[in-house]
Amino acid sequence: MKTPTCKRRFRNCGDFGLCINIGDKGYVLAEDFDTFQSIFLYGIKGVGRIGKMFKTDHIDMSEGNFYDIRDYEGDDVIFKSSEDFYLIGFNNIHKDNWEARLIEPDETKLDLKSIYDKPDPVYSRCFLICFDGKPKVNGKELKRFDYSEVKYPKDYNIELNGGALGFFMKTS
């Protein structure tokens with residue numbers, strides 16, 4: 001029997017990092033709290049289980065889903081795949097505060113006005129990240145790992161085309 005392996009890559013994007021893991025069924029990854037920086041995960045392919053080491057709670061992950069794991073910060077973390085997998089982690093490399101979500105399939109325009117058009121000034125920086133497929137933003141086709149800062153008051157028209165696009169807002 002072949003020992004499961006995992007190819008891991010990291011991309012520093014300035015304000016954040018993208019951690020890419022492509023591995024075999026049965027692969028186990030354990031990272032201590034100093035090393036583990038992912039606060040959001042997107043499963044492109046496969047399934048697995050992630051949890052805080054030596055704790056009973058965990059998340060059963062599946063492809064096509066987005067996971068908020070901010071409460072894993074400061075903990076040792078373990079992941080075990082139950083089939084071949086492809087995961088992208090959003091890493092909080094500067095220990096900032098972030099909010100994030102996937103763009104919904106029926107969302108055709110990114111509404112930044114609801115974030116920025118408030119009586120008190122908002123100094124958040126916002127980014128779109130392509131996780132999968134070939135979505136279009138303002139007519140420009142994106143590919144996996146493409147990202148861009150989005151700024152108010154510019155409008156952003158979105159066509160997901162079956163892809164996955166994440167919206168991230170740095171709040172501190």
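In which strand is Ser 148 found? Ser 148 is found in strand β15. Strands here, at least two residues in DSSP state E, and helices, at least four residues in H or I, are DSSP runs numbered from the N terminus.

This is a predicted model, in which local features need pLDDT of at least 70 and side-chain atom pairs count only at pLDDT 80 or more, while totals for chains, interfaces and linings use all residues. Residues are numbered from 1 along each chain as its sequence is written, and side-chain values use heavy atoms, with hydrogens and water left out.

Start with the whole chain. The chain has one helix and 17 strands. Its radius of gyration is 17 Å, close to the 16 Å that the globule rule gives for 172 residues, so the chain is as compact as a globular protein of that length. The radius is taken over C-alpha atoms, and the rule is 2.2 Å times the number of residues to the power 0.38. Along the principal axes, the C-alpha atoms fill a box of roughly 55 × 35 × 25 Å.

Next, the surface and the contacts. Of the 172 residues, 45% count as buried. Buried means under 20% relative accessible area, exposed means over 50%, and partly exposed lies in between (1.4 Å probe, protein chains only). The chain exposes about 9600 Å², and carbon and sulfur atoms supply 49% of that area. Accessible areas come from the Shrake-Rupley method with a 1.4 Å probe; for residues, only the protein chains shown count as cover. Among contacts with a separation of 6 or more, 66% link residues 24 or more positions apart. Contact means heavy atoms within 4.5 Å.

Now find Asp 15. Asp 15 lies in the loop between β1 (6-12) and β2 (17-23). Asp 15 counts as buried because its relative accessibility is 12%. What joins the side chains of Asp 15 and Arg 125? A polar contact of 2.8 Å does. Such a contact is a pair of N or O atoms within 3.5 Å; within protein, one must be able to donate a hydrogen and the other to accept it, and residues adjacent in sequence count only if both atoms are side-chain atoms. A polar contact of 2.7 Å joins the side chains of Lys 170 and Asp 15. Leaving aside neighbours within four places in sequence, Asp 15 is also in contact with residues including Ile 93, His 94, Asp 96, Trp 98 and Phe 127.

Lys 170 lies in strand β17 (residues 164-170). At 15% relative accessibility, Lys 170 counts as buried. Beyond four places in sequence, the contacts of Lys 170 are Asp 15, Asp 96, Asn 97, Trp 98, Ser 124 and Arg 125.

Two backbone features sit in loops. Lys 95 has a positive phi of about 60 degrees although it is not a glycine. Lys 95 lies in the loop between β9 (85-91) and β10 (98-102), and counts as exposed because its relative accessibility is 54%. Asn 138 is not a glycine either, yet has a positive phi of about 50 degrees. Asn 138 is found in the loop between β13 (136-137) and β14 (140-141). At 36% relative accessibility, Asn 138 counts as partly exposed.

Then look at the prolines. The peptide bond from Tyr 152 to Pro 153 is cis, with omega near 15 degrees. Pro 153 lies in the loop between β15 (147-150) and β16 (156-159).

Back to Ser 148. Ser 148 counts as partly exposed because its relative accessibility is 40%. Ser 148 and Gly 74 are 74 residues apart in sequence and 28 Å apart in space, C-alpha to C-alpha.

Two further pairs set sequence beside space. Lys 7, in strand β1, and Tyr 86 are 79 residues apart along the chain, and their C-alpha atoms are separated by 9.5 Å. Ile 44, in strand β4 (residues 38-45), and Tyr 123 are also 79 residues apart, and their C-alpha atoms are separated by 31 Å. Lys 7 is exposed, with a relative accessible area of 58%, whereas Ile 44 is buried at 12%.
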